[in-house]
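Please open the structure in a viewer and keep the selection panel at hand.

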Amino acid sequence: MTGTLTLEGVTKQFDTGTVAVREVSLDLAPGDFVTVVGPSGCGKSTLLRLASGLETVTRGTVAVEAASTSYVFQDPTLLEWRSALRNVELVGELRRVPREERRRRALEALELVGLTGFEAQHPRKLSGGMRMRVSLARALVADPDLALFDEPFGALDEITRLQMQTELQKLFQLKGFAGLFITHSVSEAVYLSTRVVVMSGRPGRIVAEIPVPFAYPRPPELRYAPEFAELTGRVSEALGEHS
Ligand SMILES: Nc1ncnc2c1ncn2[C@@H]1O[C@H](COP(=O)(O)OP(=O)(O)OP(=O)(O)O)[C@@H](O)[C@H]1O
Ligand SMILES: [Mg+2]
């Protein structure tokens with residue numbers, strides 16, 4: 001696994017004149033799972049799009065070292081006419097992976113996200129949480145070195161959301177990709193990550209980077225620990241001072 005991402009002095013100004021992010025520098029190495037929190041509209045999605053190459057920088061540099069990068073959006077963006085299995089297989093189809101291997105890897109990925117037994121179901125027959133699981137399986141099937149997440153759990157109910165967090169950090173530990181994860185939830189940010197990056201209001205700048213020292217896998221009860229509350233407190237404070 002290589003999986004590194006380096007942003008240096010990145011500024012993005014759109015044609016409309018809006019400066020979405022200003023002078024952002026960020027380093028992601030293998031073993032890092034970095035979460036980004038910041039007020040709505042501060043440029044978080046823009047930052048992710050810049051990191052993935054979907055958007056180009058106005059100033060600064062973006063360097064990615066990864067054989068494969070995956071992107072998970074807030075909406076699961078599944079193809080309704082394909083089964084869960086065939087949605088996950090799509091990635092392999094596009095990359096012309098031989099049929100047998102493609103299927104084997106897709107089944108493995110679905111097992112990893114706890115969807116064994118649901119391979120043949122179409123997305124509309126699955127719950128919101130299960131649809132997000134399919135989306136995660138699709139992202140993991142290519143064994144990415146770098147995984148980018150734009151608020152993937154934002155639309156889920158609270159219970160499903162906590163479950164997905166617990167599962168995602170297990171997957172991170174198992175698969176070892178470098179992760180960059182956007183969220184509005186301070187507790188989600190701390191629970192998942194090795195480091196929380198706090199952005200200011202637009203134009204988004206990085207105003208704090210707070211390391212999270214807890215070992216993986218992290219038990220769900222970690223969320224009630226005083227050390228956890230201490231960290232969420234520090235993140236909230238940084239957010240409050242700069243929004
Ligand atoms: N393609 C675009 N053209 C012009 N302006 C844009 C474009 N994309 C985003 N913006 C502007 O850039 C700013 C940052 O947007 P962005 O979507 O990155 O924020 P965000 O932090 O992800 O917000 P949210 O928390 O609501 O998801 C906003 O003011 C938005 O209107
Ligand atoms: Mg966004």
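Which side chain meets that of Glu93 in a salt bridge? Select Glu93 and Arg86: their side chains meet in a salt bridge at 3.6 Å, N to O. The term denotes a side-chain nitrogen of Lys or Arg within 4 Å of a carboxyl oxygen of Asp or Glu.

This is a predicted model, in which local features need pLDDT of at least 70 and side-chain atom pairs count only at pLDDT 80 or more, while totals for chains, interfaces and linings use all residues. Residues are numbered from 1 along each chain as its sequence is written, chains are lettered from A and ligands numbered from 1 in the order in which they are written, and side-chain values use heavy atoms, without hydrogens and water.

Colour the pair by accessibility next. Glu93 is partly exposed, with a relative accessible area of 23%, and Arg86 is partly exposed at 35% (buried is under 20%, exposed over 50%, partly exposed in between; 1.4 Å probe, protein chains only).

Arg195 lies in strand β8 (residues 195-199) and Asp32 in the loop between β2 (19-28) and β3 (33-37), 163 residues apart; strands are DSSP runs (E, at least two residues), numbered from the N terminus. Asp32 is also buried, at 18%.

Glu209 belongs to strand β9 (residues 206-211), so the pair ties together parts 14 residues apart in sequence. Glu209 is partly exposed at 36%.

Finally, select Glu101, Arg105, Asp143 and Lys175, which a network of salt bridges links. The structure holds 14 salt bridges.

Notes: Helices (H or I, at least four residues) and strands (E, at least two) are DSSP runs, numbered from the N terminus.
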